[in-house]
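Trainee: I would like to work through this model by question and answer. Where should we begin?

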Amino acid sequence: HGCGHPLMSVVFFITFTLVVSFCLLNLFTAVILEGFEEAQQGDEEEAVLLAIETWTKYDPDLRQMLPLRDALMFVEHAYRLTSGGKSSEVTYALQKFSPSQPFSQIPLGYARMLGVKVTVDMQVHLIDAVQAVVRRAVGGGASASRDLLDDIASSSVAKSLQTLEARVKQRESLGDTVSLDQHVAATQIQHRFKE
């Protein structure tokens, strides 16, 4: 005969078919996931570039600091630009923003999501505001947006962001900052005790 045992040919054929199918399925999945990752990274970089471009409208003197209300309006404006013009309920709440009670109109979940640090004199730095835009537009936590900014700083976009590195030291010299969600939570607790 010279062809071997007929049962061995069936086992070989089934094994070969399964292995090749598994390899093709893995290849197909890898291509889809790589395309998804590239699209997401492109969205993140676009959000950062758009945020920096939008920042100049809110900070024409390029001080890289904005009052809290302006910084939150900046985040919402940049978010609307990246999301195709959709307004949110937060935008309407910010229009009622009161300097005497700056945190009473801000939802706590929103403040926590943004992760913005506020200085003692109620200022927000450019880096925190841009990270908030990325968190708002793309999603992800604080480490995700920090990693994104680090990746962008090492890419071709680095020229437009080099001034950020120089200003980080200036930001550190501003003194203590407190996160926005801590301010909002404290204000809400104070209102509850007053009731």
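**Aromatic pairs and helices**

Mentor: We start with Trp55, which is buried at a relative accessible area of 2%. Keep in mind that the model is predicted.

Trainee: How many aromatic pairs does a search of the whole structure find?
Mentor: The search covers the whole structure and finds three aromatic pairs. Trp55 and Phe74 form an aromatic pair with 5.0 Å centre to centre and 90° between the planes, which is edge-to-face. This pair links helix α1 and helix α2 across 19 residues. The number of aromatic pairs found is three.

Trainee: Is Phe74 buried or exposed?
Mentor: The cut-off for buried is under 20% relative accessible area. Phe74 has a relative accessible area of 0%, so Phe74 is buried.

Trainee: Which class does the pair of Tyr58 and Phe74 belong to?
Mentor: Planes over 60 degrees apart count as edge-to-face. The ring centres of Tyr58 and Phe74 are 5.8 Å apart and the planes stand at 75°, so the class is edge-to-face.

Trainee: What span should helix α2 have at 1.5 Å a residue?
Mentor: Helix α2 covers residues 68–82, which is 15 residues. The expected span takes 1.5 Å times one less than the number of residues.

Trainee: Is His125 buried or exposed?
Mentor: His125 sits in strand β3, and its side chain reaches the backbone nitrogen of Ile127 at 3.1 Å. The relative accessibility of His125 is 4%, so His125 counts as buried.

Conventions. Residues are numbered from 1 along each chain as its sequence is written. This is a predicted model: local features need pLDDT of at least 70, side-chain atom pairs count only at pLDDT 80 or more; totals for chains, interfaces and linings use all residues. Side-chain values use heavy atoms; hydrogens and water are left out. Helices (H or I, at least four residues) and strands (E, at least two) are DSSP runs, numbered from the N terminus. Buried means under 20% relative accessible area, exposed over 50%, partly exposed in between (1.4 Å probe, protein chains only). A polar contact is a pair of N or O atoms within 3.5 Å; within protein, one must be able to donate a hydrogen and the other to accept it, and residues adjacent in sequence count only if both atoms are side-chain atoms. Rings of Phe, Tyr and Trp (its six-membered ring) pair if their centres lie within 6.5 Å; planes under 30 degrees apart count as stacked, over 60 as edge-to-face and the rest as tilted.
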